[in-house]
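Reader: I have a structure open and would like to go through it piece by piece. Can you take some questions?

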Amino acid sequence: MGLMECNYLVWSPFNGLGNRMMTIASAFVYALLTNRVLLLHITEDMLDLFCEPFPDSTWVLPSDFPVKDLEKLNLGSEQTYGNYLKNKKIKTDVKVMAESLPPYVYLHLEHDYQHLDRLFFCDNDQQVLAKVNWLLIKSDIYFVPGLFFLSLFEDELKWMFPERETVFHHLSRYLFHPTNSVWGMITRYYISYMAKADEKMGIQIRTFSWMPISIENFANQILACSWQENLLPSINQNMTQAGTNGGRTKAVLVTSLNSEYCEKMKSMYYEHTTSTGEIISFSQPSHEETQHTEKQTHNQKALAEMFLLSYCDVLVTSGWSTFGYVAQGIASLKPWILLSPKDQKAPNPPCRRAMSMEPCFHAPPSYDCKANKNVDFGAILRHVKHCEDVGNGIKLYD
């Protein structure tokens, strides 16, 4: 771990697959901006998911890397950038010599990161970090929008992404190529359930314990959004009434840990004709009830479903869900986002069209290093605004 000619950025997995894909993309941008080699710590649950994106080379961290148990690094670890600053082992001095810095620094960019770790988004701190050979990073947030606030990276980002709301779209298409086993799942399902339909609609459903809502209320919210935005035709209570657009088919792909949403909507459209005469079919690839991110097979199914969603013409996604963010990014679609429940009830309106296809940066910094005060990061740059689904979050748009 002595001083080396090359600088490296080592990514370690944390949280679900959607979070991991967004943070790999974020780390890749940061590595490009700082001239670092990106290496991924691939754990067993991530085997046989992605092909290598770089011909004749690998982005997998060698197994003999001297720092062990990378996934156990956390907010309290002494090697975090914030704790190094707190304990005066690193000083924010752009003239600091590389020889006086630790051999590696852990960048804790998870949702619970504190003020000193958030100084990662300051120019002076970046100039110090640039002198550290090895940076280890663990995150569960899409932090690319935060990089746009650094004047050090401003020009380069402008050249790399002239259309700012396409950042994750280009990164996901470039970096994430499903392996043959995952690609087999995608193609078999697509041909069987989606290929012959005149139109394809994706509904991505995710609920969170801190924002509870009953299955019935959330299903009604999904239908209210779909009918209000003319994404699905309304149904005729009189089953004998004929429609006006007979023969046109729409395949609706539902992704959820729970099967009840799909079954409820499937029964409704099976038992009644539609106001337009369209034939609506519903299908759901899997329903695992709980998220098993530690299992390789669960992650393979999740990746397949993200890509299947990306082949739809329109998307309805759940607010706060990184699974939905990845699907919309790959698809280059602006989804209708299901807004968070209030008092366990669906809000009014039930959904809102996304202003851009970019994921939301859920936990942006609030401290402006140049102004030396807390500011609203959603009101500084013209191309960064607050997210539709996360009040304090920010996202890129054009």
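Author: What follows is a short walk through this predicted model, from its sheet to its aromatic pairs and a few backbone details.

Reader: Start with the open sheet. What is the strand order?

Author: The open sheet has six strands in the order β7-β6-β5-β8-β9-β10, and the pairing is mixed. Its edge strands are β7 (279-283) and β10 (351-353), each of which pairs on one side only. From one strand to the next the twist averages 20°.

Reader: Which helices sit on those strands?

Author: Helix α10 (residues 260-271) packs on the sheet and touches β5, β6 and β7. The direction of α10 makes about 160° with that of β7. Helix α12 lies across β5, β6 and β8, and runs at about 160° to β8.

Reader: And β8 with β9, parallel or antiparallel?

Author: Parallel: β8 and β9 (residues 336-338) pair in that sense over three bridges. As for individual residues, Ser318 has Leu338 in β9 as its bridge partner.

Reader: Moving on to α11. How many residues does it have, and what is its reach?

Author: Helix α11 covers residues 296-310, which is 15 residues. From first C-alpha to last it reaches 21 Å, close to the 21 Å expected at 1.5 Å a residue.

Reader: How many of the α11 residues are buried?

Author: 12 of the 15 are buried, and α11 is mostly covered. Among the buried residues are His298, Asn299, Gln300, Glu305, Met306 and Phe307. Leu303, Leu308 and Leu309 are also buried.

Reader: What covers them?

Author: The cover includes the helices α1 (17-33), α8 (180-193) and α12 (322-331). It also includes the strands β5 (199-204), β6 (249-255) and β8 (314-318).

Reader: Now β3. Buried or exposed?

Author: Strand β3 (residues 104-109) has six of its six residues buried, so it is largely enclosed by the rest of the structure.

Reader: Which residues are on which side?

Author: Tyr104, Tyr106 and His108 are on one side, with Val105, Leu107 and Leu109 on the other, and all of these are buried. In a regular strand, side chains alternate between the two faces of the sheet. Both faces of β3 are covered.

Reader: What does β3 pair with?

Author: β3 runs parallel to β4, and six bridges join the two. The bridge partner of Tyr104 is Trp134 in β4.

Reader: Different topic. How many aromatic pairs are there?

Author: A search of the whole structure finds 20. One of them is Tyr30 with Phe153, an edge-to-face pair at 6.3 Å centre to centre with 75° between the planes. This pair links distant parts of the chain: Tyr30 is in helix α1, and Phe153 is in the loop between α5 (144-147) and α6 (154-160), 123 residues apart. Both Tyr30 and Phe153 are buried.

Reader: Why is the Tyr142 and Phe168 pair called edge-to-face?

Author: The planes of Tyr142 and Phe168 are at 85° and the ring centres are 5.7 Å apart, so the pair is edge-to-face. The cut-off for that label is over 60 degrees between planes. Tyr142 lies in the loop between β4 (134-139) and α5, while Phe168 is in helix α7 (residues 167-175), so the pair ties together parts that are 26 residues apart in sequence. Tyr142 counts as buried at 0% relative accessibility, and Phe168 counts as buried at 0% too.

Reader: Which residues form the aromatic cluster?

Author: The cluster is made of Tyr30, Phe120, Phe121, Phe143, Phe153 and Phe361.

Reader: What sits over the ring of Trp336?

Author: The charged end of Arg353 does, 4.0 Å from the ring centre.

Reader: Last topic, the backbone. Which peptide bond is cis?

Author: The bond from Asn348 to Pro349 is cis, with omega near 5°. Pro349 is in the loop between β9 and β10. Most peptide bonds are trans, and most residues other than glycine have a negative phi.

Reader: Where does Asp48 stand on phi?

Author: Asp48 has a positive phi, near 60°. Asp48 lies in the loop between β2 (37-40) and α2 (81-86), and is partly exposed with a relative accessible area of 38%.

Reader: And Asp69?

Author: Phi of Asp69 is positive as well, near 55°. Asp69 lies in the loop between β2 and α2 and counts as partly exposed at 45% relative accessibility.

How values were computed: Residues numbered from 1 in each chain as written. Predicted model: local features only at pLDDT ≥ 70, side-chain atom pairs only at ≥ 80, totals over all residues. Heavy atoms only, no water. Helix = DSSP H or I, 4+ residues; strand = E, 2+ residues; numbered from the N terminus. Expected span 1.5 Å × (residues − 1). Buried < 20%, exposed > 50% of the residue type's maximum accessible area, 1.4 Å probe, protein only. Contact = heavy atoms within 4.5 Å. Pairing = 2+ DSSP bridges. Axes fitted to C-alpha atoms, helices over the stretch in contact; angles between N-to-C directions. Phe/Tyr/Trp six-rings, centres within 6.5 Å; stacked < 30°, edge-to-face > 60°. Lys NZ or Arg CZ within 6 Å of the ring centre and 35° of its normal.
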